[in-house]
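Trainee: I would like to go through this model with you, and for each label I would like to hear what it rests on.

Mentor: Then ask about the labels one at a time, and we shall set each value against its definition.

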Amino acid sequence: MRASGILLPISSLPGAYGIGGFSKEAYEFVDWLVKCGQKYWQILPLGPTGYGDSPYQAFSTFAGNPYFISLETLYEQGLITEEELEAQKRPENNAYIDYGELFQNRRTALKAAYGRFEKSEEFKRFCEDNAIWLNDYALYRTLKDKTGGLAWYDWEHKYKFRNSSTMKRLFREYADDIGFYCFLEYEFDRQWKALKSYANERGIRIIGDLPIYVSMDSADAWSSPKLFKYDKDLVPKCVAGCPPDYFSPTGQLWGNPVYNWRYHKKTGYAWWIERLKRSFELYDVLRLDHFRGFASYYEIPFGAETAINGEWVKGPGMDLFNTVKEHLGNVPVIAEDLGMLTEDVFELIADSGYPGMKVLEFAFGSGSDNLYLPHNHIKNSIVYTGTHDNETLMGWLGSADENCRRHVRDYLGRSGCDDGTAAEALIRTALASTADTCIIPMQDHLRLGNEARLNTPATLGDNWKWRMAAGSCTDEMAENIRSITQLYGR
């Protein structure tokens, strides 16, 4: 069935508290999506962000970001006071997230809420149901606090190597600190699932995003070392990345530990089954990031300064996805199949049956056989104008070379149009595509330039910060989006 939706991270929602979250603005955005005639809200990973503030480098693949917890909801529950709520307010017109300020100040309100929280039976059930990941995560975060924020691989030997008697002692000694992190996960889970239910009841499905790798500084990399290619000192033998490409001439050195796929296979991919099971508790549809890494992945010697001298290694392929199907059934997955694609990747996409991605910003400036050009799209795919890693549509049109700009205008049959008109025509072209699903980033609907770009790959310090201005979601825009959505049968 043809459908469409909008890509907007939770963090980019407007609101009074410095970052988007599960507040009234999120519910208002759902209502606005309904007015627009959309069926999907695509978001980015919901994990607790660490170094670089990237949702793709989270402290846990299972946990949620406490910054998204609605402070207003905590106030309504009597867990924080009006004064504590007011102290967290920031200017409404703040277009960018200040993660440093959040790190310094948000904890004050969350700690106050935990101090008033009474551990209900529902809370205890949540902790029991999620013990497989929650206990290790809460202890990991507690130890990071106690060590001044050090990464786990810089901890004392007994902490780094999880000495059994030491771990038991820590769970007793730091029970209250661990309880704080369990409370944050409980409140995150409760608030997010309430928002998701609200969306589902109104016909909006949530497309989530699962990074293929976990962060090196994460509870996962610390608590389950057998999952990864480490040496006896728990130092990675190699790390993840990708070779030189469109985004970077020296490749991308992500630094994530790569998987010991032999061990995963031996365990029946148990960790992956749990990871995906958790994901489908949180989302209706799941985008698997860097899908090509399941066919073959690029690993780089640990300590290398660039990604140039890496090598491709065979991944688990269909063995993993057949196992997933046995345990979870035919779960709805989107394969993020961008980047350097080889025959084994095409085979894996075909064998899995998962829809791949078609990005219009990759379509122009080459020949008519470019797979991203709309006339080459297939039904079983998702078309985007751009993704969170791309320039905005307006920014891309403004920075493209003359050959690419001419190709866009010739393809659209609008040789004399300005960038705004071209952007509108590209959105219409995406919606008109034969692809079953079309997702448009919110920045493109708003015709924003690169001041609203979310991420520039292979860079640090200025990403993941953009927020949508309050009042951006107008009835006039909703009517326009609804009209073209209906026009193209979505």
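Trainee: Does serine 472 count as buried or exposed, and what relative accessibility decides it?

Mentor: Serine 472 has a relative accessibility of 16%, and buried means under 20% relative accessible area, exposed over 50% and partly exposed in between, with a 1.4 Å probe and protein chains only, so serine 472 counts as buried. This is a predicted model, in which local features need pLDDT of at least 70 and side-chain atom pairs count only at pLDDT 80 or more, while totals for chains, interfaces and linings use all residues. Residues are numbered from 1 along each chain as its sequence is written, and side-chain values use heavy atoms, with hydrogens and water left out.

Trainee: Where does serine 472 lie, and which residues is it in contact with?

Mentor: Serine 472 lies in the loop between H19 and H20, where helices (H or I, at least four residues) and strands (E, at least two) are DSSP runs numbered from the N terminus. Contact means heavy atoms within 4.5 Å, and, leaving aside neighbours within four places in sequence, serine 472 is in contact with Leu446 and Met477. Histidine 327, by comparison, is 145 residues from serine 472 in sequence and 43 Å from it in space, C-alpha to C-alpha.

Trainee: What makes tryptophan 464 buried, and where is it found?

Mentor: Its relative accessible area is 6%, so tryptophan 464 is buried, and it is found in the loop between helix H19 (442-445) and helix H20 (475-487). Leaving aside neighbours within four places in sequence, tryptophan 464 is in contact with a set of residues that includes Leu44, Pro55, Tyr99, His388 and Asn455. Tryptophan 464 and proline 55 are 409 residues apart in sequence, yet their C-alpha atoms are 8.2 Å apart in space.

Trainee: Why is glutamate 101 called partly exposed?

Mentor: The relative accessible area of glutamate 101 is 30%, so it falls in the partly exposed class. Glutamate 101 lies in helix H4 (residues 99-116), and, apart from neighbours within four places in sequence, it is in contact with Arg90 and Arg106. Glycine 18 is 83 residues from glutamate 101 in sequence and 8.7 Å from it in space, C-alpha to C-alpha.

Trainee: How do you know that glycine 395 is buried, and what does it touch?

Mentor: Glycine 395, found in helix H16 (residues 393-399), has a relative accessible area of 10% and is therefore buried. Not counting residues up to four places away in sequence, glycine 395 touches Leu448, Gly449 and Asn450.

Trainee: What makes the protein as compact as a globular protein of its length?

Mentor: The protein has 20 helices and 12 strands. Its radius of gyration is 23 Å, close to the 23 Å that the globule rule gives for 490 residues, so the protein is as compact as a globular protein of that length; the radius is taken over C-alpha atoms, and the rule is 2.2 Å times the number of residues to the power 0.38. Buried residues make up 58% of the 490 residues.
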